[in-house]
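I opened this model to look up its ring contacts and one stretch of strand pairing. My entries follow.

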Amino acid sequence: MSAVFNFTFVPWFRSVAPYIHMHRGKTFVVAMAGEAIATGKLHSIVQDLALIQSMGVKVVLVHGFRPQVNEQLRAKGHEARYSHGMRITDEVALDCAQEAAGQLRYEIEAAFSQGLPNTPMAGATVRVISGNFITARPVGVVDGVDFQHSGLVRKVDVAGILRTLDLGAMVLLSPFGFSPTGEAFNLTMEEVATSVAIALQADKLVFLTEIPGVRVKPLEPESEDNPIDTELPLAAAEQLLASLPSPQQPTDTAFYLQHCVKACKGGVERSHIIPFATDGSLLLEVYVHDGIGTMVIDEKLESLREATADDVGGILQLIEPFEKDGTLVKRSRTEIERDVSNYSIIEHDGVIFACAALYPYPEARTGEMAALTVSPQSQGQGDGEKILKRVEQRARAMGLDSIFVLTTRTMHWFQKRGFVQVDAEWLPEARKKKYNWDRRSMVFVKKLLP
Ligand SMILES: CC(C)(COP(=O)(O)OP(=O)(O)OC[C@H]1O[C@@H](n2cnc3c(N)ncnc32)[C@H](O)[C@@H]1OP(=O)(O)O)[C@@H](O)C(=O)NCCC(=O)NCCS
C-alpha cells in the first residue's frame, strides 16, 4: 500500500467520523424519484443506502414511478393525464401504476439483495420490508376535475413503521395507499415521503431528484455565479416559495421545495433536495460538511437574523470578554453602531448569543468575516457554524467569490470548515493598509463557489 494512500485515506476517514456519530440512531426518509431508476441509478443509490443503514441510520425509502407508469400507459396506447400538477388516475392508469409499482418493488428488493464479493454490497444484509402502512382517501373532484383513483394520505401507521425499523429492516414504500373500503389509491411519492417524515418526526427528509437543488438566484439560469444554495432557513424558503409560480412539473423550483417547507413546518428539522445524477450524492449530502444540494432547515428554536441598531448593546456584551483576552480586536461602540447592518446574530428570548460581521471588498470580490463569537455557555452546539453559513449566504448574495478571516487563535476551527491559509499579501489592498503587522494574525480564505 502506498504511503500517499495512508496520508489521504486516514485523515479523510476520520473527518467523516463526527457525521457518522451524529447520524447514528437517527431516522431518514429518502424519497427517490422514479426517474432515478429509469436512468439506471438504482444500484449506486442502493449501495449508498445500505452503507448509510450500516452506520446506524434507520431508513424509510419511498420510490416514485412517474416515468414507469407513463411507459406502461404508452404501451397500452393510453394518454397520461395531469391536472393541478397531479396525475388523474383512471382505471387504466391505476392498472399501470399497480404494474409499475410491483415491478419496481421487485427491482429494488433485488438490488438490496446483492452481495457479490469486492462490491460495496459485499457483506451487506439489508432486509427490506414493504407493507400497507398508508391509509388513503380520494382526491375527489377539484375545480370540476375528477381525479378518480388519485388519492391523498389520510393516515400513516407510525407504530407499524417504527416496529419494522426497530427490527433493523429498511421500510420500502410505494406511492400507494388503501382506504378502509379496501380501495387502492395512487398517491404521489412526494406526499407519501413528506407525510411519513412528519408522522415519524424523522430527523431528515431527502428528495433524490432530477434537479441539483435550489439555486441562489432561483429564477436565473445556472451559471458559475449562480450556484446551488446549500442551506435555506425555513423562513427564507417560505418567502421564496411565495414568490415562485405554482409548480407544474418536478423540474420547477417550487415542486420539491413546497414539500421541504411543509416537512420543516411539521417538525422535520432538515429536508434536502439533491440530484440523483451525481454519483454518491446521498453520501456527499449527509457526510460532508457543505453537502451537495439544498437543505431547508428549521431554525425556529432560535432566531438567526441580521442585526439592527437595537442589538448594539447585546453585541458589545457578547464580544467584550473576547476583546479583553485578546482573541478579538477591540471595537468601539461607535464602530459597532456604524457597522451594525454588517452583523448577523443568533438571538434567543431576547439575548444575543452569537454574532459575526461581514465587511465586503467588492473590488476584490471577497469579504472579511469579523467578530465571529459564540457566548461561552453555548459554544460547541453548532452555532458558530450556523452563523458562518449565514455570512457565506450574505457574501454569495453580494456576488463575492470568497470570504476571509484574520485570526490568531482559532485557526483549526476555520481549517475544519474549508478555509485555507494564505499570505497576508493576499489581502485586498484596502484591507492590507489596515492590517496590524504586529498582531501577526493569520489570514484564512474560503472560496464560496463550487
Ligand atoms: C470559534 C467559535 C466561534 C466556535 O463557535 P461554536 O458555536 O463553539 O462552534 P461549533 O459548535 O459550530 O463548533 C464546535 C467545534 O469547534 C471546536 N472549537 C471551538 N473553538 C475552537 C478553536 N479555537 N479552535 C479549534 N476548534 C475549536 C470545538 O471543540 C468543537 O469541536 P467538535 O465539534 O469536534 O467537538 C467559538 O468558540 C468562539 O466564540 N470562540 C471565541 C471567539 C473566537 O475565537 N472567534 C474567532 C475569532 S477569529
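**Rings**

I checked burial first: phenylalanine 255 and tyrosine 256 are both buried (under 20% relative accessible area; exposed is over 50%, partly exposed in between; 1.4 Å probe, protein chains only). The model is predicted, so I note that local features need pLDDT of at least 70 and side-chain atom pairs pLDDT 80 or more, while totals for chains, interfaces and linings use all residues. Residues are numbered from 1 along each chain as its sequence is written, and side-chain values use heavy atoms, without hydrogens and water.

I then listed ring pairs (Phe, Tyr and the six-membered ring of Trp, centres within 6.5 Å; planes under 30 degrees apart are stacked, over 60 edge-to-face, the rest tilted). The count is twelve aromatic pairs. Phenylalanine 255 and tyrosine 256 make one of them, edge-to-face, at 5.0 Å centre to centre and 80 degrees between the planes. Tyrosine 435 and tryptophan 437 are also edge-to-face, at 4.4 Å and 75 degrees. Tyrosine 435 is buried at 7% relative accessibility, whereas tryptophan 437 is partly exposed at 45%. I found Phe5, Phe9, Trp12 and Phe13 in one aromatic cluster.

**Strand 21**

I took helices (H or I, at least four residues) and strands (E, at least two) as DSSP runs, numbered from the N terminus. Strand 21 (residues 402-407) has five of its six residues buried. I looked up its partners (strands pair if DSSP finds at least two bridges between them). Strand 20 (residues 366-374) pairs with strand 21 in parallel over three bridges, and threonine 366 stands opposite serine 402. Strand 23 (residues 442-447) pairs with strand 21 antiparallel over six bridges, with threonine 407 opposite methionine 442.
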